[in-house]
Amino acid sequence: MTRIILLAAALSLLLGCGPSPQDKAQLARRTVQSWTATVEKTTEAVQRGAAPRVYGRQIVAAAVESRKNEAGTPEWGRLPAQERAALDRAIQRLASLLGMPDPGRS
Amino acid sequence: MSKLLKIALGIFTSIGGFLEVGAIATAAEAGASFRFQLIWAVVLGTICVIFLVEMSGRLAALSHHTIKDAMRERFGPRVFMLTLISDVLVNVLVLAAEIGGMSLALQLVTGIGFRWWALPTGLLTWLLLWKGSFGLIENGVSLLGMVALAFLVAAWKLHPDGHDVVAGLALTLPAERPVHYWFTAVSILGAVISPYLFYFYSSGAIEDHWGVDEIGVNRAVATVGMSFGCVLCIAVMIVAALVLQPAGIQPDRFEQLGLLLTGPLGRWGFYLFAATLLVSCLGAALELSLATAYSFAQGLGWNWGESVHPRDAARFSLTYTIMIAAATLLIVLGLDPLKLTLFSMALTSLTLPVVTFPFLVLMNDRDYCGELGNHWIGNAAVIVISLLASLIALVAIPLQLMGG
């Protein structure tokens, strides 16, 4: 019995420590900003020849996938519109530099 | 071979063997998220691993026992099986992370998805073990691992602020994301204090027929080699802190780490990063597979030895074959290599006392080490660091899992 009570107490303590809605929103925002920065830095690296085009394509694919995952969460709608648009613009710019089809249309 | 040459070769292999997917991923994650704030974790882990590696070499040189066969002999089958189960669970995950790391390195260069590379890289690992000798694995692959020095060059070119770097040696609490901070800290500790490293080292000492004469060489290799490895790991953290963090990049996929060296080293940096990831993961995958096979064989009394023909050590060879197949399968099934790496490193921290405490008992047993048993400083350092890593992991792993 004591073990069950201790286990229940430990579980409730852990569950109580789960992320708050603010934490989730902050994490979503950080993820979007991080991917925008990644895509922009990759664009710059591809432009100056520091990264091969094949790497740029992988970053476009990864960013599109991450954006898709984020868009499926409730936090996505609460993100500032300009930050979402900045990610889309960055992806589109890198895709167009690499001659890839517009990821927003595929 | 002269002592000096032995020391030099040992140091090179230690440096090459120190960096692997866990050290690269956790150090980069730490640098990108917390700048230099987690340098203390790398240093703390290195202190512990220096003691453990030195002890494992000393045990082999003095008693002609590897850690595992001494454990089986001293504690009996129950304690041995407990450590074996813990090793196998952690090692399969870490091996999968290493195969994932190699596959990602090839993906970065070719654009072909990492899952397609899992089978060829798994096969390459197996083939090298099947056909290669212990010398090839110990020296060849580890020497190739010197390509990781690119991180040191990059860190130097980025001119980090010396005061900030030194300040990272002190434990400070983060301004935000405390759970992620502690999770990353235990992942670093797990990556640095990898038990397979000292199992492999003690088995290698037996394969190389070490005796009392090698104790000095062993001490020099463990201290200097691991310290250089630590410097390389800190270099990865510095590069991530100065390249990724100012841009606001907090990697949640391995692909993002491809940018680490493109800033300071240009296009060469991109290929050097991929080469470092590929070679260091290959070296770690070989050592991990062998370390697990050694554990089984030494504890269960099978024939073993990397230089022995597979036909003459069939169960030993079968063990690493199964390990590699299982780990490859995890990557083929699509486990995220970065998440797998961070999680398996944290899990390594959690299980550290299971591995280190029985080992310490052996090192204080006069039947095994005679007059050259452990000093209290070594005992205290390993006990405190292992317990600390395990306790933080116990709290941080569930919290990180719940927080995504």
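The buried residues of α5(A) are covered by, among others, α2 (21-47) and α3 (53-71) of chain A. Helices here are DSSP runs of H or I with at least four residues, numbered from the N terminus; covering rests on contact, which is C-beta atoms, placed from the backbone, within 7 Å. This is a predicted model: local features need pLDDT of at least 70, side-chain atom pairs count only at pLDDT 80 or more, and totals for chains, interfaces and linings use all residues. Residues are numbered from 1 along each chain as its sequence is written, while chains are lettered from A and ligands numbered from 1 in the order in which they are written.

Which residues of α5(A) are buried? They are Leu87(A), Ala90(A), Ile91(A), Leu94(A) and Ala95(A). Buried means 20 or more other C-beta atoms within 10 Å of a residue's own, exposed means 12 or fewer, and partly exposed is in between, again with C-beta atoms placed from the backbone. These residues lie on the same side of α5(A) because they cover an arc of only 130° around the axis, taken over the directions from the helix axis to the C-beta atoms. On the other side, Ala81(A), Gln82(A) and Ala85(A) are exposed. After α5(A) comes Gly99(A), with a positive phi near 70°.

Now the chain contact. Chain B contributes 22 residues and chain A 23 residues. On the chain B side, α4 (67-110), α12 (262-300) and α17 (376-402) each supply at least two residues. The largest share, 4 residues, comes from α12(B).

Key: Contact = placed C-beta atoms within 7 Å.
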